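Subject: Structure for you, with notes

Hello,

Here is the structure I promised to pass on. Please open it first and read my notes alongside.

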Amino acid sequence: MCCLTLPARAQTTAAGTKITKNLITAPQFTYTGAQQYAANQREMWLEVEVEFTSTAEFTDDVTFKYFISVNGNILTGEVTHMNVLGGKGNHSVMYVPPKALERFNGNRPVTSNAVQNIAVQIVQQGTVKDEASFARAAARWYAALPQVPGLLLNKNETPFAPLYWDRYEQIKPPGH
């Protein structure tokens, strides 16, 4: 059995577990063999990272459910990690693409204030092991708000996929 922990105060804690959000641009790659197109560096992606601790020596599967509040709408998504080793400094990450942010921000330029709050549930074998929010809020604050699934992307579904392989936990492929 694994015990994964996110403390109640998730942005910064004594144990070092935290949820962070960053607005970032798409990475720029150079290659040969085809037409190159530059990514629009004015379009911002939302990167939500969770640093967590696992007290188990090893965990086969653990699912992170993300709930991101943008203008009263809750964007939802999840990622399942596998082969999670025990200890501090484990990381999970999800992204919101620029067009989704613009859509729920009324086609206005996106700033960090457009994201009101973020909650993350850690689920193992169908049981919620822990939950935390970026900003202080009541438990399950997102449950009564309109939820929009399918717009959050795990790292493997983004242009950030080839970056930082050793920082983030391995993502379980679909169907495994």
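Below is what I found, from the overall fold down to single residues.

First, the ground rules. This is a predicted model, where local features need pLDDT of at least 70, side-chain atom pairs count only at pLDDT 80 or more, and totals for chains, interfaces and linings use all residues. Residues are numbered from 1 along each chain as its sequence is written, and side-chain values use heavy atoms, with hydrogens and water left out.

**Overall fold**

The protein chain has 1 helix and 9 strands. Here helices (H or I, at least four residues) and strands (E, at least two) are DSSP runs, numbered from the N terminus. Along the sequence the pattern reads β-β-β-β-α-β-β-β-β-β. The radius of gyration is 16 Å, close to the 16 Å from the globule rule for 176 residues, so the chain is as compact as a globular protein of that length. That radius is taken over C-alpha atoms, and the rule is 2.2 Å times the number of residues to the power 0.38. Along the principal axes, the C-alpha atoms fill a box of roughly 50 × 40 × 35 Å.

Of the 176 residues, 45% count as buried. Buried means under 20% relative accessible area, exposed means over 50%, and partly exposed lies in between (1.4 Å probe, protein chains only). The chain exposes about 9500 Å², and carbon and sulfur atoms supply 52% of that. These areas come from the Shrake-Rupley method with a 1.4 Å probe; for residues, only the protein chains shown count as cover.

Now the contacts (heavy atoms within 4.5 Å). Take those in the protein chain with a separation of 6 or more: residues 24 or more positions apart account for 70% of them.

On charge, there are 15 positive and 14 negative side chains, and the centres of the two sets lie 8 Å apart. Lys and Arg count as positive, Asp and Glu as negative; His and the chain ends are not counted. Each charge is placed at NZ of Lys, CZ of Arg, CG of Asp or CD of Glu.

**The cores**

In soluble globular proteins, nonpolar side chains tend to be buried together. A nonpolar core here is a set of buried Ala, Val, Leu, Ile, Met, Phe, Trp, Tyr and Cys residues joined through side-chain atoms within 4.5 Å. The largest one holds 30 residues. Ile19, Phe64, Tyr66, Ile68, Leu75, Val96 and Ile118 touch the most other members. Strand 3 (45–70), strand 4 (73–96), helix 1 (98–104) and strand 5 (115–124) each supply at least two residues of this core. Strand 3 gives the largest share, 9 residues. A second, separate core has 7 residues, including Ala26, Tyr95, Leu153 and Tyr168.

What does Ile68 touch, leaving aside its neighbours within four places in sequence? Its contacts are Leu46, Val48, Asn73, Ile74, Leu75, Val96, Val115, Asn117, Ile118 and Leu152.

**Buried positions**

Ser69 is in strand 3. This serine is buried, with a relative accessible area of 5%. With neighbours within four places left aside, Ser69 contacts Ile74, Ala114, Val115, Gln116, Asn117 and Trp141.

Met94 sits in strand 4. Its relative accessible area is 0%, so Met94 is buried. Beyond four places in sequence, the contacts of Met94 include Leu46, Glu47, Val48, Tyr66, Leu152 and Leu153. Met94 and Asn22 are 72 residues apart along the chain, with their C-alpha atoms separated by 11 Å.

Ala100 is in helix 1 and is buried, at 6% relative accessibility. The C-alpha atoms of Ala100 and Ala26, 74 residues apart along the chain, are 14 Å from each other.

**Backbone and loop**

Most residues other than glycine have a negative phi. Asn83 has a positive phi of about 60 degrees. Asn83 lies in strand 4 and is partly exposed, at 35% relative accessibility. Arg140 has a positive phi of about 55 degrees. Arg140 is in the loop between strand 6 (127–133) and strand 7 (147–149) and is partly exposed, at 47%.

Arg136 lies in the loop between strand 6 and strand 7. At 73% relative accessibility, Arg136 counts as exposed.

Best wishes
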